[in-house]
Amino acid sequence: MGYYFYHPLDHKVFVARGGTFLEREFLAEGSHGKEIELDETQEETNETTAAQEHEMEFEQPFFDVLKSTQRLQSPTIVAPEPAIVQEQVNEPEPAVVQEQVNEPILEQIQQPLNPIHEPLRRSSRAHRAPDRLNLMVQDDLSNEVHHNDDDPKNYEEAMQSLDRNKWQEAMESEMESMKINKVWTLVEASKDIKPIGCKWVYKKKIGADGKVETYKARLVAKGYRKKEGIDYDETFSPVAMLKSIRILLAIAAYYDYEIWQMDVKTAFLNGELKEDVYMTQPKGYTSMSDHNKVCKLRRSIYGLKQASRSWNIHFNKTIEKFDFVKCEEEPCVYKRFSGSTIIFLVLYVDDILLIGNDIPAMQGTKVWLSE
(Lines give C-alpha, C1' and ligand atoms only; values in the text may rest on other atoms or scores of the structure.)
Protein backbone atom coordinates (compact mmCIF):
# COMPACT_ATOMS: atom_id res chain seq x y z
CA MET A 1 0.00 0.00 0.00
CA GLY A 2 2.80 2.41 0.81
CA TYR A 3 4.33 4.42 3.66
CA TYR A 4 2.74 7.03 5.84
CA PHE A 5 4.76 10.26 6.12
CA TYR A 6 4.12 13.17 8.39
CA HIS A 7 4.77 16.75 7.30
CA PRO A 8 5.56 18.80 10.42
CA LEU A 9 4.98 22.20 8.86
CA ASP A 10 1.51 21.48 7.50
CA HIS A 11 0.63 18.99 10.24
CA LYS A 12 -0.65 16.47 7.70
CA VAL A 13 0.00 12.86 6.83
CA PHE A 14 0.45 11.64 3.26
CA VAL A 15 1.01 8.26 1.62
CA ALA A 16 3.92 7.36 -0.65
CA ARG A 17 4.92 4.05 -2.21
CA GLY A 18 8.64 4.68 -1.87
CA GLY A 19 10.96 6.49 0.49
CA THR A 20 14.56 6.64 1.61
CA PHE A 21 15.21 6.27 5.35
CA LEU A 22 18.49 7.88 6.40
CA GLU A 23 18.90 5.98 9.65
CA ARG A 24 22.64 5.28 9.39
CA GLU A 25 23.47 8.87 8.51
CA PHE A 26 21.38 10.10 11.43
CA LEU A 27 23.12 7.79 13.90
CA ALA A 28 26.57 8.58 12.48
CA GLU A 29 26.15 12.26 13.31
CA GLY A 30 25.55 11.40 16.96
CA SER A 31 23.03 14.21 17.38
CA HIS A 32 19.40 14.28 18.28
CA GLY A 33 18.52 16.72 15.52
CA LYS A 34 17.98 20.43 15.43
CA GLU A 35 15.78 22.93 13.73
CA ILE A 36 16.93 24.40 10.39
CA GLU A 37 15.18 27.23 8.66
CA LEU A 38 14.94 26.63 4.94
CA ASP A 39 14.13 29.15 2.24
CA GLU A 40 11.12 28.22 0.25
CA THR A 41 11.23 28.70 -3.53
CA GLN A 42 8.13 28.81 -5.63
CA GLU A 43 7.89 28.30 -9.38
CA GLU A 44 5.08 30.13 -11.03
CA THR A 45 3.06 28.28 -13.65
CA ASN A 46 0.21 29.32 -15.84
CA GLU A 47 -2.39 27.27 -13.96
CA THR A 48 -1.36 26.80 -10.30
CA THR A 49 1.77 27.36 -8.28
CA ALA A 50 3.85 24.58 -6.71
CA ALA A 51 2.74 25.60 -3.22
CA GLN A 52 -0.95 25.43 -4.20
CA GLU A 53 -0.38 22.06 -5.85
CA HIS A 54 1.40 20.92 -2.69
CA GLU A 55 -1.60 21.93 -0.55
CA MET A 56 -4.02 20.22 -2.89
CA GLU A 57 -2.12 16.97 -2.53
CA PHE A 58 -2.35 17.05 1.27
CA GLU A 59 -5.99 18.05 1.28
CA GLN A 60 -6.89 15.05 -0.85
CA PRO A 61 -9.11 12.69 1.20
CA PHE A 62 -7.62 9.49 2.48
CA PHE A 63 -9.87 7.23 0.45
CA ASP A 64 -8.86 9.02 -2.77
CA VAL A 65 -5.24 8.27 -1.91
CA LEU A 66 -6.15 4.61 -1.46
CA LYS A 67 -7.78 4.57 -4.88
CA SER A 68 -4.71 6.08 -6.47
CA THR A 69 -2.48 3.48 -4.85
CA GLN A 70 -4.76 0.68 -6.08
CA ARG A 71 -4.48 2.03 -9.62
CA LEU A 72 -0.71 1.97 -9.30
CA GLN A 73 -0.85 -1.79 -8.64
CA SER A 74 -2.85 -2.42 -11.82
CA PRO A 75 -0.77 -3.96 -14.69
CA THR A 76 -2.43 -1.88 -17.42
CA ILE A 77 -2.93 1.57 -15.91
CA VAL A 78 -0.04 3.34 -14.17
CA ALA A 79 -0.88 6.61 -12.43
CA PRO A 80 1.80 9.20 -11.74
CA GLU A 81 2.99 9.41 -8.15
CA PRO A 82 2.29 12.57 -6.14
CA ALA A 83 4.71 15.40 -6.80
CA ILE A 84 5.61 15.77 -3.16
CA VAL A 85 6.61 12.10 -3.04
CA GLN A 86 8.94 12.53 -6.00
CA GLU A 87 10.42 15.60 -4.42
CA GLN A 88 11.16 13.83 -1.12
CA VAL A 89 12.41 10.57 -2.58
CA ASN A 90 14.47 11.75 -5.56
CA GLU A 91 15.59 15.19 -4.38
CA PRO A 92 19.43 15.12 -4.10
CA GLU A 93 19.76 18.52 -2.47
CA PRO A 94 21.33 18.37 1.00
CA ALA A 95 18.76 20.78 2.39
CA VAL A 96 15.94 18.34 1.82
CA VAL A 97 18.02 15.47 3.15
CA GLN A 98 18.83 17.44 6.26
CA GLU A 99 15.16 18.16 6.76
CA GLN A 100 14.37 14.43 6.65
CA VAL A 101 17.20 13.65 9.09
CA ASN A 102 15.96 16.14 11.64
CA GLU A 103 12.41 14.89 11.49
CA PRO A 104 11.39 11.97 13.73
CA ILE A 105 11.11 8.75 11.80
CA LEU A 106 7.76 7.13 12.36
CA GLU A 107 7.49 3.37 12.56
CA GLN A 108 5.49 1.74 9.84
CA ILE A 109 2.19 0.41 11.13
CA GLN A 110 0.04 -1.35 8.64
CA GLN A 111 -3.34 -2.70 9.57
CA PRO A 112 -5.73 -4.31 7.13
CA LEU A 113 -8.97 -2.46 6.58
CA ASN A 114 -11.02 -5.63 6.77
CA PRO A 115 -9.11 -8.12 8.98
CA ILE A 116 -9.91 -11.77 8.42
CA HIS A 117 -10.51 -13.69 11.65
CA GLU A 118 -9.30 -17.22 11.14
CA PRO A 119 -10.70 -19.90 13.47
CA LEU A 120 -8.42 -21.09 16.25
CA ARG A 121 -6.58 -24.27 15.41
CA ARG A 122 -7.18 -27.06 17.87
CA SER A 123 -4.25 -29.16 18.89
CA SER A 124 -4.32 -32.69 17.52
CA ARG A 125 -1.99 -34.03 20.20
CA ALA A 126 -3.37 -36.91 22.23
CA HIS A 127 -3.86 -35.98 25.89
CA ARG A 128 -2.73 -38.43 28.55
CA ALA A 129 -2.10 -38.34 32.26
CA PRO A 130 1.48 -37.93 33.49
CA ASP A 131 3.38 -41.06 34.45
CA ARG A 132 3.66 -39.98 38.09
CA LEU A 133 -0.09 -40.60 38.59
CA ASN A 134 0.38 -44.32 37.80
CA LEU A 135 -2.91 -44.49 35.93
CA MET A 136 -3.40 -47.56 33.79
CA VAL A 137 -4.42 -46.87 30.19
CA GLN A 138 -5.43 -49.74 27.93
CA ASP A 139 -5.98 -49.60 24.20
CA ASP A 140 -8.62 -52.32 24.31
CA LEU A 141 -11.92 -50.61 25.03
CA SER A 142 -13.44 -53.88 26.21
CA ASN A 143 -10.97 -53.98 29.11
CA GLU A 144 -10.95 -50.28 29.83
CA VAL A 145 -11.31 -49.49 33.50
CA HIS A 146 -13.97 -46.94 34.34
CA HIS A 147 -12.76 -45.47 37.62
CA ASN A 148 -15.69 -46.15 39.90
CA ASP A 149 -18.24 -44.74 37.45
CA ASP A 150 -20.52 -47.71 38.05
CA ASP A 151 -20.51 -47.58 41.85
CA PRO A 152 -24.01 -47.89 43.32
CA LYS A 153 -25.55 -44.65 44.49
CA ASN A 154 -27.77 -46.20 47.16
CA TYR A 155 -28.76 -49.48 48.81
CA GLU A 156 -31.33 -50.40 46.16
CA GLU A 157 -28.82 -50.08 43.32
CA ALA A 158 -26.28 -52.17 45.20
CA MET A 159 -28.78 -55.00 45.66
CA GLN A 160 -29.77 -54.90 41.98
CA SER A 161 -26.22 -54.78 40.59
CA LEU A 162 -24.27 -57.75 39.33
CA ASP A 163 -21.82 -57.42 42.25
CA ARG A 164 -24.53 -57.53 44.90
CA ASN A 165 -22.80 -60.42 46.67
CA LYS A 166 -19.58 -58.39 46.94
CA TRP A 167 -21.47 -55.38 48.26
CA GLN A 168 -23.35 -57.57 50.73
CA GLU A 169 -20.07 -58.89 52.15
CA ALA A 170 -18.74 -55.34 52.45
CA MET A 171 -21.83 -54.24 54.39
CA GLU A 172 -21.55 -57.26 56.67
CA SER A 173 -17.95 -56.33 57.45
CA GLU A 174 -18.99 -52.75 58.25
CA MET A 175 -21.78 -53.87 60.55
CA GLU A 176 -19.41 -56.25 62.30
CA SER A 177 -17.08 -53.30 63.04
CA MET A 178 -20.07 -51.42 64.45
CA LYS A 179 -20.86 -54.27 66.81
CA ILE A 180 -17.26 -54.72 67.96
CA ASN A 181 -16.85 -51.02 68.78
CA LYS A 182 -20.39 -50.80 70.26
CA VAL A 183 -21.17 -47.73 68.21
CA TRP A 184 -24.87 -47.49 69.17
CA THR A 185 -27.63 -48.94 71.26
CA LEU A 186 -31.26 -49.25 70.22
CA VAL A 187 -33.70 -47.13 72.23
CA GLU A 188 -37.40 -46.41 71.94
CA ALA A 189 -38.23 -43.41 69.81
CA SER A 190 -40.12 -40.57 71.47
CA LYS A 191 -41.61 -37.30 70.28
CA ASP A 192 -38.68 -35.31 71.68
CA ILE A 193 -36.13 -37.35 69.73
CA LYS A 194 -35.37 -36.18 66.19
CA PRO A 195 -33.02 -38.73 64.70
CA ILE A 196 -30.77 -37.96 61.78
CA GLY A 197 -30.71 -40.19 58.74
CA CYS A 198 -27.96 -42.43 57.43
CA LYS A 199 -27.01 -43.96 54.10
CA TRP A 200 -24.66 -46.49 52.58
CA VAL A 201 -21.72 -45.28 50.50
CA TYR A 202 -20.18 -47.78 48.11
CA LYS A 203 -16.70 -47.58 46.64
CA LYS A 204 -14.51 -49.88 44.57
CA LYS A 205 -10.83 -49.76 45.41
CA ILE A 206 -8.78 -50.01 42.21
CA GLY A 207 -5.30 -51.54 42.31
CA ALA A 208 -2.19 -50.55 40.41
CA ASP A 209 -3.03 -53.03 37.65
CA GLY A 210 -6.40 -51.36 37.03
CA LYS A 211 -8.45 -54.20 38.54
CA VAL A 212 -10.80 -54.03 41.51
CA GLU A 213 -9.06 -55.05 44.71
CA THR A 214 -11.74 -54.60 47.34
CA TYR A 215 -15.36 -53.57 47.66
CA LYS A 216 -15.95 -51.09 50.46
CA ALA A 217 -19.27 -50.15 52.01
CA ARG A 218 -19.37 -47.32 54.53
CA LEU A 219 -22.30 -46.38 56.75
CA VAL A 220 -22.41 -42.58 56.85
CA ALA A 221 -24.62 -40.41 59.02
CA LYS A 222 -26.33 -37.39 57.49
CA GLY A 223 -24.52 -34.95 59.74
CA TYR A 224 -25.43 -31.92 57.65
CA ARG A 225 -28.79 -31.86 59.42
CA LYS A 226 -27.20 -31.31 62.81
CA LYS A 227 -27.24 -27.90 64.44
CA GLU A 228 -24.22 -26.25 66.04
CA GLY A 229 -24.56 -25.71 69.78
CA ILE A 230 -27.23 -28.41 70.08
CA ASP A 231 -25.79 -31.52 68.45
CA TYR A 232 -22.12 -30.53 68.54
CA ASP A 233 -19.79 -27.79 69.81
CA GLU A 234 -16.24 -27.97 68.38
CA THR A 235 -15.17 -29.68 65.17
CA PHE A 236 -11.51 -28.69 64.79
CA SER A 237 -9.07 -31.57 64.41
CA PRO A 238 -5.31 -31.04 63.83
CA VAL A 239 -3.30 -32.92 61.22
CA ALA A 240 0.43 -33.21 60.64
CA MET A 241 1.93 -30.47 58.52
CA LEU A 242 3.52 -31.47 55.25
CA LYS A 243 6.78 -29.76 56.13
CA SER A 244 7.01 -31.87 59.28
CA ILE A 245 6.56 -35.03 57.22
CA ARG A 246 9.28 -33.89 54.80
CA ILE A 247 11.70 -33.23 57.68
CA LEU A 248 11.12 -36.66 59.20
CA LEU A 249 11.54 -38.35 55.82
CA ALA A 250 14.82 -36.49 55.32
CA ILE A 251 16.03 -37.66 58.73
CA ALA A 252 15.02 -41.23 57.92
CA ALA A 253 16.86 -41.09 54.60
CA TYR A 254 20.00 -39.67 56.20
CA TYR A 255 20.18 -42.18 59.09
CA ASP A 256 18.72 -45.09 57.08
CA TYR A 257 15.67 -45.52 59.35
CA GLU A 258 12.74 -47.82 58.63
CA ILE A 259 9.56 -46.21 57.28
CA TRP A 260 6.22 -47.98 57.69
CA GLN A 261 2.80 -46.74 56.64
CA MET A 262 -0.45 -47.93 58.21
CA ASP A 263 -4.13 -47.20 57.65
CA VAL A 264 -6.49 -47.36 60.61
CA LYS A 265 -9.61 -49.28 59.65
CA THR A 266 -12.84 -47.61 60.81
CA ALA A 267 -10.79 -45.04 62.72
CA PHE A 268 -13.69 -42.69 63.44
CA LEU A 269 -15.62 -45.44 65.23
CA ASN A 270 -13.13 -45.25 68.10
CA GLY A 271 -14.01 -41.70 69.10
CA GLU A 272 -16.40 -41.21 72.00
CA LEU A 273 -19.35 -38.84 71.81
CA LYS A 274 -20.25 -36.43 74.58
CA GLU A 275 -23.50 -35.23 73.00
CA ASP A 276 -26.74 -37.18 72.65
CA VAL A 277 -27.09 -38.02 68.98
CA TYR A 278 -29.83 -40.27 67.58
CA MET A 279 -29.81 -41.93 64.15
CA THR A 280 -32.23 -44.06 62.18
CA GLN A 281 -31.41 -47.71 61.61
CA PRO A 282 -29.48 -48.52 58.43
CA LYS A 283 -31.29 -49.98 55.44
CA GLY A 284 -31.11 -53.73 55.16
CA TYR A 285 -30.43 -54.23 58.88
CA THR A 286 -33.71 -53.35 60.51
CA SER A 287 -35.54 -56.17 62.26
CA MET A 288 -39.32 -56.35 62.32
CA SER A 289 -39.41 -56.41 66.10
CA ASP A 290 -37.26 -53.27 66.50
CA HIS A 291 -38.42 -51.24 63.51
CA ASN A 292 -39.81 -48.48 65.81
CA LYS A 293 -36.51 -48.03 67.63
CA VAL A 294 -33.68 -45.60 66.83
CA CYS A 295 -29.93 -45.80 67.32
CA LYS A 296 -28.43 -43.76 70.16
CA LEU A 297 -24.81 -43.18 69.15
CA ARG A 298 -22.20 -43.87 71.80
CA ARG A 299 -19.22 -43.37 69.49
CA SER A 300 -18.60 -41.12 66.55
CA ILE A 301 -19.50 -42.32 63.09
CA TYR A 302 -18.54 -41.19 59.63
CA GLY A 303 -20.53 -38.16 58.57
CA LEU A 304 -20.78 -36.46 61.97
CA LYS A 305 -19.36 -32.97 62.29
CA GLN A 306 -17.28 -33.86 65.36
CA ALA A 307 -16.16 -37.32 64.20
CA SER A 308 -12.61 -36.30 63.27
CA ARG A 309 -12.11 -34.37 66.50
CA SER A 310 -13.40 -37.25 68.65
CA TRP A 311 -11.02 -39.68 66.94
CA ASN A 312 -8.04 -37.34 67.43
CA ILE A 313 -8.76 -36.88 71.15
CA HIS A 314 -9.15 -40.63 71.66
CA PHE A 315 -5.93 -41.41 69.77
CA ASN A 316 -3.97 -38.79 71.73
CA LYS A 317 -5.06 -40.26 75.07
CA THR A 318 -4.32 -43.82 73.96
CA ILE A 319 -0.87 -43.27 72.40
CA GLU A 320 0.43 -41.56 75.53
CA LYS A 321 -0.16 -44.78 77.45
CA PHE A 322 2.48 -46.44 75.26
CA ASP A 323 5.19 -43.96 76.35
CA PHE A 324 4.89 -41.74 73.28
CA VAL A 325 5.44 -38.02 73.86
CA LYS A 326 3.64 -35.44 71.70
CA CYS A 327 5.76 -32.78 70.06
CA GLU A 328 5.07 -29.33 71.46
CA GLU A 329 5.22 -27.54 68.11
CA GLU A 330 3.49 -30.29 66.11
CA PRO A 331 0.42 -31.85 67.80
CA CYS A 332 0.26 -34.83 65.41
CA VAL A 333 3.91 -35.92 65.68
CA TYR A 334 4.87 -38.26 68.55
CA LYS A 335 8.27 -39.57 69.60
CA ARG A 336 9.52 -42.39 71.77
CA PHE A 337 13.13 -42.70 72.98
CA SER A 338 14.38 -45.73 74.90
CA GLY A 339 18.17 -46.04 75.05
CA SER A 340 19.33 -46.21 71.45
CA THR A 341 15.81 -46.96 70.15
CA ILE A 342 14.14 -44.07 68.34
CA ILE A 343 10.59 -44.18 66.99
CA PHE A 344 8.58 -41.34 65.42
CA LEU A 345 4.84 -41.59 64.82
CA VAL A 346 3.03 -39.21 62.47
CA LEU A 347 -0.78 -39.02 62.39
CA TYR A 348 -2.63 -37.60 59.40
CA VAL A 349 -6.38 -38.08 59.99
CA ASP A 350 -6.56 -41.91 59.92
CA ASP A 351 -3.16 -42.60 58.29
CA ILE A 352 -0.16 -43.41 60.48
CA LEU A 353 3.53 -43.16 59.55
CA LEU A 354 6.07 -45.03 61.70
CA ILE A 355 9.75 -44.08 61.43
CA GLY A 356 12.43 -45.71 63.56
CA ASN A 357 15.74 -47.57 63.83
CA ASP A 358 14.55 -50.67 65.73
CA ILE A 359 12.37 -53.10 63.78
CA PRO A 360 11.25 -55.24 66.82
CA ALA A 361 10.19 -52.10 68.70
CA MET A 362 8.30 -50.83 65.65
CA GLN A 363 6.62 -54.22 65.25
CA GLY A 364 5.52 -54.12 68.89
CA THR A 365 4.05 -50.64 68.36
CA LYS A 366 2.19 -51.87 65.30
CA VAL A 367 0.70 -54.83 67.15
CA TRP A 368 -0.31 -52.63 70.08
CA LEU A 369 -2.05 -50.13 67.76
CA SER A 370 -3.95 -52.91 66.01
CA GLU A 371 -5.36 -54.06 69.35
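Colleague: Why is Asp256 called exposed in this predicted model?

Modeller: Its relative accessibility is 67%, and the word exposed is kept for residues over 50%, so Asp256 counts as exposed. Asp256 sits in the loop between helix H8 (242–255) and strand E6 (258–263).

Colleague: What makes the phi of Asp256 worth a remark?

Modeller: The phi of Asp256 is near 60°, which is a positive value in a residue other than glycine. Most residues other than glycine have a negative phi. Asp256 comes after H8 in the chain.

Colleague: Where else is there a positive phi in a residue other than glycine, and is that residue, His11, buried or exposed?

Modeller: His11 has a phi near 55°, and its place is the loop between strand E1 (3–7) and strand E2 (12–16). Because its relative accessibility is 60%, and the cut-off for exposed is over 50%, His11 counts as exposed.

Colleague: How do you know that the length of H8 agrees with what a helix should span?

Modeller: H8 has 14 residues, which at 1.5 Å a residue should span 20 Å, and the C-alpha atoms at its ends are 20 Å apart, so the two values agree.

Colleague: Which residues of H8 are buried, and how do you know that they are on the same side?

Modeller: The buried residues of H8 are Ser244, Ile245, Leu248 and Ala252. They cover an arc of only 100° around the axis, and therefore they lie on the same side of H8. As background, an α-helix has 3.6 residues a turn, so residues three or four places apart point the same way. On the other side of H8, the exposed residues are Leu242, Lys243, Arg246, Ile247, Ala253 and Tyr254.

Colleague: What covers the buried residues of H8?

Modeller: The cover includes E6, together with strand E10 (333–338), strand E11 (341–348) and strand E12 (351–356).

Colleague: Why is Glu174 called buried, and what is it in contact with?

Modeller: Glu174 has a relative accessibility of 5%, and buried means under 20%, so Glu174 counts as buried. This residue belongs to helix H7 (residues 164–181). When its neighbours within four places in sequence are left aside, Glu174 is in contact with Trp200, Ala217, Arg218, Leu219 and Thr266.

Colleague: What makes Glu156 and Lys283 a salt bridge?

Modeller: Their side chains meet with N and O at 3.4 Å, and the cut-off is within 4 Å between a side-chain nitrogen of Lys or Arg and a carboxyl oxygen of Asp or Glu, so the pair of Glu156 and Lys283 qualifies as a salt bridge. The pair links distant parts of the chain, since Glu156 is in helix H6 (residues 155–160) and Lys283 is in the loop between strand E7 (272–279) and strand E8 (293–299), 127 residues apart. Glu156, at 36% relative accessibility, counts as partly exposed, and Lys283, with 49%, is partly exposed too.

Colleague: How do you know that Lys204 and Asp163 tie together separate parts of the sequence?

Modeller: Lys204 forms a salt bridge with Asp163, and their closest N and O atoms are 3.5 Å apart. Lys204 lies in strand E4 (residues 198–206) while Asp163 lies in the loop between H6 and H7, so the pair ties together parts that are 41 residues apart in sequence.

Colleague: Why is Lys204 called buried, whereas Asp163 is called partly exposed?

Modeller: Lys204 has a relative accessible area of 9%, which is under the 20% limit for buried, so Lys204 is buried.

Colleague: How many salt bridges does the structure hold?

Modeller: The structure holds four salt bridges. Among them is the one in which the side chains of Lys293 and Asp290 meet, at 3.6 Å from N to O. Lys293 counts as partly exposed, because its relative accessibility is 24%.

Colleague: What makes up the nonpolar patch on the surface?

Modeller: Tyr4, Tyr6 and Val13 form this patch, and together they have about 270 Å² of accessible area. Val13 lies in strand E2.

Colleague: What does the secondary structure of the protein chain come to?

Modeller: The protein chain has ten helices and twelve strands, and buried residues make up 30% of its 371 residues.

Terms used: Residues are numbered from 1 along each chain as its sequence is written. This is a predicted model: local features need pLDDT of at least 70, side-chain atom pairs count only at pLDDT 80 or more; totals for chains, interfaces and linings use all residues. Side-chain values use heavy atoms; hydrogens and water are left out. Helices (H or I, at least four residues) and strands (E, at least two) are DSSP runs, numbered from the N terminus. Buried means under 20% relative accessible area, exposed over 50%, partly exposed in between (1.4 Å probe, protein chains only). Contact means heavy atoms within 4.5 Å. Patches are made of residues with over 30% relative accessible area and no salt bridge: like charges are joined within 9 Å, nonpolar side chains (Val, Leu, Ile, Met, Phe, Trp, Tyr) within 5 Å. Accessible areas come from the Shrake-Rupley method with a 1.4 Å probe; for residues, only the protein chains shown count as cover. The expected span of a helix is 1.5 Å times one less than its number of residues. The arc is that of the directions from the helix axis to the C-beta atoms.
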